[in-house]
Amino acid sequence: MTNIRLPQAPSLPKAEGLYDPALDKDSCGVGFVVNIKGARSHEIVKQGLLILANLEHRGATGADPNVGDGAGILVQLPDAFLREAVKPLGFALPKNGLYGVGMVFLPQDEAHRTECESIVNDRIVAEGQKVLGWRTVPLDASRLGETSRVSMPYVRQVFVQPAARLKDPNAFERKLYVIRRLIEKAVKQTDLGDFSIPSFSCRTLIYKGMLTSNQLETFYPDLTEPGFISAIALVHARYSTNTFP
């Protein structure tokens, strides 16, 4: 049997000045809560947000304490909530698991935003899937610092139905990943401004932003809705300032 040598991690520099490699460590705040029986509830989401709030000391801020280094939460698709949310938008959702949701961060400029949405729609259709519709995600920026407010994206969700031949949820999940990468590559080749897709899945949904751990819940009113339920909540508060670059 041939021995395989794994690449070695780069060595840290020696202690110098205020730097000490013994103090170098992973520093982000991460928390996870789950109902082990798989029962979905809003309580799980609330507990995840409480964990995030308690990780305030593990999330960095700028000179303005209202500008966070980043915070977010991953949950299961809140199917019942999303069904109600899209009712006024003129389309209905298929059975849970048979549609995907892309969380899309778009430019604030309307013309650029429209062009980005067109690219998203085109790539979804080109990959044989169906665009059901778009939903604008409600935002409350009242507690954000100036830097966060200026760079804030226009947040929308795109809903996708799989092709009739794509009956395997795992295959659909893989297809959504491919679509996401194709979209990101296509937009990157333009000069349409800031654009990203935090999540694109038929199973999970991510709400995130350049926020403090306490701002996430107020910035996204969706997270406070009783019908917004999940059996898991994975939270993250970013703190990247005391690790060796």
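Hi everyone, a definition to begin: on a 1 Å grid over the protein atoms alone, a pocket is an open set of points where a 1.4 Å probe fits, with protein on both sides within 12 Å along at least five of seven lines, and its lining residues have an atom within 4 Å of a point. Volume here is the space filled by probe spheres set on the points, which are joined across faces, edges and corners.

This is a predicted model, where local features need pLDDT of at least 70, side-chain atom pairs count only at pLDDT 80 or more, and totals for chains, interfaces and linings use all residues. Residues are numbered from 1 along each chain as its sequence is written, and side-chain values use heavy atoms, leaving out hydrogens and water.

Let's take the second largest pocket, with a volume of about 250 Å³. It has 15 lining residues, and Ala71, Gly72, Ile206, Lys208 and His236 are the closest to its centre. Strands (DSSP runs of E, at least two residues, numbered from the N terminus) matter for what follows. β2 (71-76), β7 and β8 (232-237) each give this lining at least two residues, and β2 has the largest share, 4 residues.

Now the largest pocket, at about 380 Å³. Of its 20 lining residues, Phe105, Ser151, Met152, Pro153 and Asp194 lie closest to the centre. At least two residues each come from β3, α4 (146-150), β6 (196-201) and β7 (204-209); the "α" labels are helices, DSSP runs of H or I with at least four residues.
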